[in-house]
Amino acid sequence: MKVEIWSDIACPFCYIGKRRFENALEQFAHKDTVQVEWKSFQLDPEMKQVPGQNIYESLAGKKGWTPEQAKGLFAQVVSMAAAEGLDYNMDATVPANTLNAHRLTHLAAQHGLQDAAEERLFQAYFMEGMDIQDTETLVRLGIDIGLQEEAVRDLLAGGAFTYEVREDIAKAQQIGVRGVPFFVIDGKYAVSGAQPVELFLQALQTARAEWEKANPPVSVLEGDGPSCDLAGNCD
């Protein structure tokens, strides 16, 4: 069963949603059958860094708020994150365009490290105050998760995976995604936002029940006849 997750590194609710989904998955009886695939999404594709500008000033400028209003809003988010064991440090957060960070996750996916890349980038952005638009920072984060330095540098020096990032965003628009995080389970069930753990678990169980209904076990008639097993034993 595949779970596709549209997310943006700069979205505070996406990290919260990731952790809640993971907690639900741990309680899911068939968790070993679940394949998670992260999809790129950019809340602000045209975002340009302003040297010295903090996250409150950046958000205030976009929304027409004061920095104090923006800080008040983030205080609620920080509290929500803390309930999931995430120690957000919004005062240190560096506003950044996330395109290259998403490209890094696509490179990581080729090496089976996509989830590790998402986790490391979220941590760097929301907890450690790293500039995830900076080349050297992304190289260091790539190395942290096990990627080769040369591969990350080659990625950032060119345009690899830019098309894939854009394709993910276009697919989100096609299926009606209006915000992230957005989870699609088995191509049939959608969960929008950082929902409670119980809702994620219910969605996983519903999708599994439907799969089992469509794929019933084979019924063996009249007991076992003569056969050979995988170990080469015949009787």
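Which residues in H1 meet which residues in H3? Keep that in mind while you set up the view.

**Before you start**

This is a predicted model: local features need pLDDT of at least 70, side-chain atom pairs count only at pLDDT 80 or more, and totals for chains, interfaces and linings use all residues. Residues are numbered from 1 along each chain as its sequence is written, and side-chain values use heavy atoms, with hydrogens and water left out.

**Stop 1: the whole chain**

Show the cartoon. The chain has nine helices and four strands. These are DSSP runs, numbered from the N terminus: helices are H or I with at least four residues, strands are E with at least two. From the N terminus on, the order is β-α-β-α-α-α-α-α-α-α-β-β-α. The C-alpha trace spans about 75 × 40 × 35 Å along its principal axes.

**Stop 2: H1 against H3**

Select helix H1 (residues 12-27) and helix H3 (67-82). Their axes come within 10 Å and cross at roughly 15°. Axes are lines fitted to C-alpha atoms, for helices over the stretch in contact, and angles run from 0 to 180 degrees between N-to-C directions. H1 and H3 are therefore roughly parallel to each other. Angles under 35 degrees count as roughly parallel, over 145 as roughly antiparallel, 65 to 115 as roughly perpendicular and the rest as oblique.

H1 passes H3 in a left-handed crossing. That term applies if the near helix is turned anticlockwise from the far one by less than a right angle; clockwise is right-handed.

Now the opening question. Show Pro-12, Phe-13, Ile-16 and Arg-20 in H1; they meet Phe-74, Val-77, Met-80 and Ala-81 in H3. Contact means heavy atoms within 4.5 Å. By class, this contact has seven nonpolar, no polar and one charged residues. Ala, Val, Leu, Ile, Met, Phe, Trp, Tyr, Cys and Pro count as nonpolar, Asp, Glu, Lys and Arg as charged, and the others, Gly among them, as polar.

**Stop 3: H1 against H5**

From H1, select Pro-12, Cys-14, Tyr-15, Lys-18, Arg-19 and Glu-22. From H5, select their partners: Asp-115, Glu-118, Glu-119, Phe-122, Gln-123 and Phe-126. The contact divides into five nonpolar, one polar and six charged residues.

**Stop 4: the largest pocket**

The largest pocket holds about 520 Å³ of space. A pocket is an open set of points on a 1 Å grid over the protein atoms alone, where a 1.4 Å probe fits, with protein on both sides within 12 Å along at least five of seven lines; lining residues have an atom within 4 Å of a point. Grid points are joined across faces, edges and corners, and a volume is the space filled by probe spheres set on the points.

Of its 24 lining residues, select the closest to the centre: Ala-10, Pro-12, Leu-43, Leu-59 and Phe-74. H1, helix H2 (55-63), H3 and H5 each give two or more residues to the lining. H2 gives the most, with five. The lining divides into 16 nonpolar, four polar and four charged residues.

**Stop 5: two backbone details**

Most residues other than glycine have a negative phi, and most peptide bonds are trans. Go to Phe-161, in the loop between helix H7 (149-157) and H8. Phe-161 is not a glycine, yet has a positive phi of about 75°. Then find Pro-181, in the loop between helix H8 (162-174) and strand S3 (182-185). A cis peptide bond joins Val-180 and Pro-181, with omega about 10°.
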